[in-house]
Amino acid sequence: MKKVVYGVMFVVAPMLSYAGENRTEVGASLGTPSGINFVLKKDISGFPVQVSGFYLGEIYGIEAGYSFYRNESSHFRSVQIVVGTSVIEEDAYRAYVSSDTFVLQEYKDEKEWNYLGVSTTFQFGGFYIEPGLSAGSGDYSSPQLSLQLGWLWSL
């Protein structure tokens with residue numbers, strides 16, 4: 001999974017240098033999919049896409065989306081379809097008795113969420129709030145609420 005996260009970030013980075021009249025916003029957010037996220041929103045030949053995610057060791061994830069509704073003149077900025085994955089690794093312990101000896105064994109407990117959903121973006125200057133609803137598979141019940149709070153800068 002780490003290779004996928006790094007791979008997507010590597011592929012997305014060249015989009016920042018794409019020549020044209022298309023708008024680009026970069027920023028940072030707290031929330032889905034990885035707790036702390038790098039955010040890129042870009043119009044590529046009139047096709048509005050967004051990518052967010054990060055790798056923090058035990059927490060990582062990536063989300064990509066397509067905005068099917070946009071309104072730059074309102075605080076209600078966009079509605080998008082998103083797809084993503086989020087992973088949280090936790091240290092866990094297992095205790096048992098073996099041959100009259102108490103054994104405490106440490107292991108990694110990994111919780112994963114792979115999803116498809118819809119989110120909306122409300123933007124006030126550079127600050128934005130992006131609540132959403134996702135359905136998917138993994139270690140959490142479906143559907144799940146998602147949320148990003150962050151700041152975007154136009155390039």
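**Close-up views of a predicted eight-stranded barrel**

The chain exposes about 8800 Å², of which carbon and sulfur atoms supply 64% (accessible areas by the Shrake-Rupley method with a 1.4 Å probe; for residues, only the protein chains shown count as cover). The model is predicted, so that local features need pLDDT of at least 70 and side-chain atom pairs count only at pLDDT 80 or more, while totals for chains, interfaces and linings use all residues. Residues are numbered from 1 along each chain as its sequence is written, and side-chain values use heavy atoms, with hydrogens and water left out.

**View 1. The chain has one helix and eight strands.** Helices (H or I, at least four residues) and strands (E, at least two) are DSSP runs numbered from the N terminus, and along the sequence they follow the pattern α-β-β-β-β-β-β-β-β. The eight strands close into a barrel in the order S1-S2-S3-S4-S5-S6-S7-S8, with antiparallel pairing (two strands pair if DSSP finds at least two bridges between them). From one strand to the next, the twist averages 25 degrees (axes are lines fitted to C-alpha atoms, and angles run from 0 to 180 degrees between N-to-C directions).

**View 2. A nonpolar surface patch covers about 810 Å².** Its residues are Phe47, Tyr66, Phe68, Tyr69, Phe76, Ile81, Val83, Leu116 and Val118 (patches are made of residues with over 30% relative accessible area and no salt bridge, like charges being joined within 9 Å and nonpolar side chains, Val, Leu, Ile, Met, Phe, Trp and Tyr, within 5 Å; a salt bridge is a side-chain nitrogen of Lys or Arg within 4 Å of a carboxyl oxygen of Asp or Glu). S4, strand S5 (76-98) and strand S6 (101-124) each give two or more residues to the patch.
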